[in-house]
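User: I would like to go through this structure step by step. Could you help me read it?

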Amino acid sequence: MRQFSTDVSHELRTPLTAIQGQLEVALFTATRKEQLQEAIENALQDVERLSNLVRALLLLSQSESGQIPTHKAVVDLAGVVDDLVDQFQIPAEAEGVKLTQTSREPVPCEVDRTQIERLVTNLLSNAIKYTPKGGWVRACAEQTGDTVRLIVEDSGVGIPPGHIQHIFDRFYRVPDPNPEKGLGLGLSFVAAIVKAHGGEIRVDSEPGKGSRFEVSLPVGNVRAAIETPVLQA
């Protein structure tokens, strides 16, 4: 709790300090309408960042304490991946990254669709973010017996060996010159969601060659749903 409080204080201090500085400068030095408008726009951007951080912290706290209710239903994991890959095509193209989905057949499993969509979204977002222009990101869902697997792999910058064991920690960020890479909370959500579903996550990565995230989840009670077609795409 002491470490968590320290981390939260640090993350909140940065946007608050920026907002305070921008508004003070505008109040005491701005002489034109354009200067005031620029200060307000910059402050609003930091307010949005602050709001996102507070929402993320609340969701993470709830998920780790088991307070988020899960509404499990039988869904097609391959269909979920396919939908999200389609949604990420525009940001992937903007980064010059080729994004593909390689699943071939439906992969029914009993999960909380909203949470799984958040999991896939975080993995895809990270993969695209850390893959240089000209690289690729691939997503795949498959079933092996009583387990379903979700795989997101990329040809990105990779993760140094000494950092892999920490990447699911709250606020942990592999050192990067770009401060806009994120808050260090996305993979914490992924780990919490996997844990809530009784699954496991494995990471293989090599600096300069890319990363591979593999999530294994229990297939759940899908037989009855398959016999009575209520499978959600």
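User: Let us begin with His197. Is it buried or exposed?

Analyst: His197 is buried, with a relative accessible area of 7%; buried means under 20%, exposed over 50% and partly exposed in between, with a 1.4 Å probe and protein chains only. This is a predicted model, in which local features need pLDDT of at least 70 and side-chain atom pairs count only at pLDDT 80 or more, while totals for chains, interfaces and linings use all residues. Residues are numbered from 1 along each chain as its sequence is written, and side-chain values use heavy atoms, with hydrogens and water left out.

User: Where is His197 found?

Analyst: His197 is found in the loop between α7 and β6. Helices (H or I, at least four residues) and strands (E, at least two) are DSSP runs, numbered from the N terminus.

User: Which residues does His197 touch?

Analyst: Not counting residues up to four places away in sequence, His197 touches Lys72, Val111, Asp112, Gln115, Ile116, Leu217 and Pro218. Contact means heavy atoms within 4.5 Å. A polar atom of the His197 side chain also lies 3.1 Å from the backbone nitrogen of Asp112.

User: Now the sheet. What is the order of the strands?

Analyst: The five strands form an open sheet in the order β2-β4-β5-β7-β6, with mixed pairing. Two strands pair if DSSP finds at least two bridges between them.

User: Why is one side of β2 and of β6 left without a neighbour?

Analyst: β2 (98-101) and β6 (200-206) stand at the edges and each has a single partner strand, so one side of each has no neighbour in the sheet.

User: How do β6 and β7 run?

Analyst: They run antiparallel, and seven bridges join β6 to β7 (residues 210-218). Asp204 has Arg212 as its bridge partner in β7, and Ile201 has Val215. The two strands form a hairpin with three residues between them, and Gly208 in the turn has a positive phi of about 85°.

User: Next, the core. Which residues touch the most other members?

Analyst: In the largest nonpolar core, of 40 residues, they are Leu77, Leu119, Leu123, Leu124 and Leu150. A nonpolar core is a set of buried Ala, Val, Leu, Ile, Met, Phe, Trp, Tyr and Cys residues joined through side-chain atoms within 4.5 Å. Helix α5 gives the most to this core, with seven residues.

User: What does Leu77 touch?

Analyst: Leaving out residues up to four places away in sequence, Leu77 touches Val107, Cys109, Ile116, Ala141, Val148, Arg149 and Leu150.

Definitions and conventions. Polar contact = N/O pair within 3.5 Å; in protein donor to acceptor, adjacent residues only side chain to side chain.
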